[in-house]
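User: Could you take me through how the labels for this model are reached? I would like to see each value set beside its cut-off.

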Amino acid sequence: VPHGAKTYLAATLAQGTEGERLVWIARDAEIGDRVAEELAAWMGNPDAVAVLEPRTALAYERSELIADETAARVAALAAWQSGQVPILVAGVQALLQHTIQPEDLPRAPRELRVGSRLHQDALLRELFDLGYIPVSEVAGRGESARRGGIVDVFPPSMPLPIRIEFFGDEIDSLRSFDPTDQRTTGSIENAILLPASEFLLPAGGAAA
């Protein structure tokens with residue numbers, strides 16, 4: 001098995017020391033994916049390994065950036081930095097590509113809960129600051145949409161987008177939905193909002 005002994009050692013280190021975080025650097029993305037599978041098998045938990053995938057667009061090709069790709073990279077880095085995932089696997093190309101600054105990955109991410117007070121306009125401003133792209137209909141990670149008293153958003157760390165219904169200045173309900181047909185799939189009590197892009201505007205606005 002390729003890398004078998006090394007991946008076993010890495011998994012043992014990650015499991016043996018509380019709070020231990022490891023980065024495995026692979027030659028390319030294909031090898032990285034195979035290594036990630038081995039590590040997850042040794043760890044006995046597929047959620048114990050995050051993969052930093054390379055972007056298909058270069059950093060200066062902002063118009064070509066795919067929201068789902070950059071959001072997935074943020075989710076992988078956030079999960080590893082917070083300790084939620086002890087091992088990060090990255091190919092050389094993925095590791096060399098410019099990404100979000102460590103200080104822009106919050107230690108305590110923004111949490112939305114049913115019943116919490118929040119003005120819809122304030123949420124939309126927050127989503128914009130976090131790099132979410134406004135669209136007419138949410139289909140991929142890092143996108144948001146507004147329809148009347150409803151805001152749809154697809155946070156990077158969640159498997160499905162969420163539909164936020166407001167009653168005045170209060171979150172009345174949070175529901176996950178299928179982006180292919182836009183039908184809700186179930187109620188949830190809370191949702192975590194991570195930054196949705198590796199390229200956030202500076203807090204004080206763009207430099208002149």
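Analyst: Beyond its neighbours within four places in sequence, Ser144 is in contact with Leu127, Tyr132, Ile133, Pro134, Val135, Val138, Asp152 and Val153 (contact being heavy atoms within 4.5 Å). The model is predicted, so local features need pLDDT of at least 70 and side-chain atom pairs pLDDT 80 or more, while totals for chains, interfaces and linings use all residues. Residues are numbered from 1 along each chain as its sequence is written, and side-chain values use heavy atoms, without hydrogens and water.

User: Why does Ser144 count as buried?

Analyst: Ser144 has a relative accessibility of 7%, and buried means under 20% relative accessible area, exposed over 50% and partly exposed in between (1.4 Å probe, protein chains only). Ser144 therefore counts as buried. Its place is in strand S6, residues 143-147. Across the chain, buried residues make up 41% of the 208 residues.

User: What label does Leu124 get, with a relative accessible area of 22%?

Analyst: At 22%, Leu124 is partly exposed. This residue is found in helix H5, residues 120-129. With neighbours within four places in sequence left aside, Leu124 is in contact with Arg146 and Val151. Its C-alpha atom is separated by 12 Å from that of Gly148, 24 residues apart along the chain.

User: What makes H1 oblique to H2?

Analyst: Helix H1 (residues 4-16) and helix H2 (residues 29-43) pack at an angle of about 50 degrees, and their axes are 9 Å apart. Angles under 35 degrees count as roughly parallel, over 145 as roughly antiparallel, 65 to 115 as roughly perpendicular, and the rest as oblique. That makes H1 oblique to H2.

User: Which residues in H1 meet H2?

Analyst: Gly4, Thr7, Tyr8, Ala10, Ala11, Ala14 and Gln15 in H1 meet Val35, Glu38, Leu39, Trp42 and Met43 in H2. Sorted by class, the contact of H1 with H2 has 8 nonpolar, 3 polar and 1 charged residues.

User: How do you know that the chain is as compact as a globular protein of that length?

Analyst: Let's begin with its make-up: the chain has 5 helices and 11 strands (DSSP runs, H or I of at least four residues for helices and E of at least two for strands). Its radius of gyration is 18 Å, close to the 17 Å from the globule rule for 208 residues, so the chain is as compact as a globular protein of that length. The rule is 2.2 Å times the number of residues to the power 0.38. Along its principal axes, the C-alpha trace spans about 55 × 40 × 30 Å.

Note on methods: Axes are lines fitted to C-alpha atoms, for helices over the stretch in contact, and angles run from 0 to 180 degrees between N-to-C directions. Ala, Val, Leu, Ile, Met, Phe, Trp, Tyr, Cys and Pro count as nonpolar, Asp, Glu, Lys and Arg as charged, and the others, Gly among them, as polar.
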